[in-house]
Amino acid sequence: MTDPFRIDDLAAPVLPAGFVEQARQLEPLAAQIRLEPDALIAQAMRETGLQDFGADGWQAGLAAVLAGLRDDVPLSPVGKLSALAQVLQFLKNRLLLEDLIRRHPEIEQVEMEPPLVIAGLPRSGTTHLHSLVAADTRFRSLPWWEALEPVLAEAERPAEGAPDPRLARAAEGIAMRDQVLPHFNAMHEMTVDHVHEEIHLLALDMGTMYFENLGTGMLPTYRDHYLAEDQTPHYRYLRRVMQALQWLRGGTRWVLKSPQHLEQAPAIFEVFPDAVLATTHRDPVSTVASFATMIAYSSRMGAAKPDPVALGHYWADRIETMLRRCVETREQAPAAQSIDVLFHEYMAGE
């Protein structure tokens, strides 16, 4: 059990002196950034040497993400650079995936067993349940390093016995985050091999509520796009990514987890008709307070002026929307393929 602590600088973060100085030095570089689709697409192609992004359908999501980053809430220089790097990485990951499948078309024939899909509000015990199930080696899960870079470029493929360079890059990212967010692991532990959500895989098709957390912790332009769009095509693309990862590293039955699955039962059962849905339940007031605190704490890296009050309102509204959509669509999950997990019972021993 982590010792209790109090964060009293959410609205006026006290940042490490070294980080503040680094951020100041990055201001000229951040000022030159163009958060425009054409610019990032061209950069992704240039850095990978690849041009084929596969089927269309992701471009509208990309445009919505970048419009939100430009116009919704002002980003700090670090926030702008970080957002650029993440979106660019998703585009590069997609190019590398499509190149892999082009060279190995048998990937599209890979068979998968029915996945276990864990859904629930943020901070409702989904991570604990995910980690517990993933400890069973009969399940295929997604470690953090693989989520960040699902497919390694051929030029980087290590010699036999040499370490995968993705591991070191993932470790460096965690170390940098820990310098600025020393309390984050107490809220949501992250290690290189930690089991992670597949939101980074959905991001390859620009269809995931992960983008709402990007930068300042709220992105209403993208939220509105996401809620208005049928997410089924993006879940189909997720399945495509899973086939490739299964072909690369094995496993046949996946355990998936994300809060967004709570409002996406129709898409899940359209793409994975034999899936088993495990839904966690916790008092929504507690989840809003916990999640808004975590997001407000994280936003000190990306927001020009963190606003915990605005974040609280944003996520209270967003979580209500998730719950209402869950209620409206829950019956589309076959009763024999649906399990409920109560937070106060499941976490009683913690």
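Which residues line the largest cavity?

## The largest cavity

In this predicted model, the largest cavity is lined by Ala119, His261, Leu262, Ala265, Leu277, Thr279, Cys326, Thr329 and Arg330. A cavity here is a set of points on a 1 Å grid over the protein atoms alone where a 1.4 Å probe fits but cannot get out, and a lining residue has an atom within 4 Å of a point.

At least two lining residues come from each of β3 and α15, elements that are DSSP runs numbered from the N terminus (helices H or I, at least four residues; strands E, at least two).

## The sheet

Four strands form an open sheet with parallel pairing, in the order β2-β1-β3-β4; two strands pair if DSSP finds at least two bridges between them. The edge strands, each pairing on one side only, are β2 (255-257) and β4 (338-342).

Strand β3 (residues 276-281) runs parallel to β4 and is joined to β4 by five bridges. Thr279, which belongs to the lining of the largest cavity, has Asp340 in β4 as its bridge partner.

## Two packed helices

Helix α11 (residues 220-228) packs against helix α15 (residues 308-329) at an angle of about 5°, with the axes 13 Å apart. Axes are lines fitted to C-alpha atoms, for helices over the stretch in contact, and angles run from 0 to 180 degrees between N-to-C directions. The two helices α11 and α15 are therefore roughly parallel to each other, a term for angles under 35 degrees.

Pro220, Arg223, Tyr226 and Leu227 of α11 meet Tyr314, Arg318, Thr321 and Arg325 of α15 in this contact, where contact means heavy atoms within 4.5 Å. By class, the contact of α11 with α15 has four nonpolar, one polar and three charged residues.

## Basis of the model

Residues are numbered from 1 along each chain as its sequence is written, and side-chain values use heavy atoms, with hydrogens and water left out. In this predicted model, local features need pLDDT of at least 70 and side-chain atom pairs count only at pLDDT 80 or more, whereas totals for chains, interfaces and linings use all residues.

How values were computed
Angles under 35 degrees count as roughly parallel, over 145 as roughly antiparallel, 65 to 115 as roughly perpendicular and the rest as oblique. Ala, Val, Leu, Ile, Met, Phe, Trp, Tyr, Cys and Pro count as nonpolar, Asp, Glu, Lys and Arg as charged, and the others, Gly among them, as polar. On a 1 Å grid over the protein atoms alone, a cavity is a set of points where a 1.4 Å probe fits but cannot get out, and a pocket is an open set with protein on both sides within 12 Å along at least five of seven lines; lining residues have an atom within 4 Å of a point.
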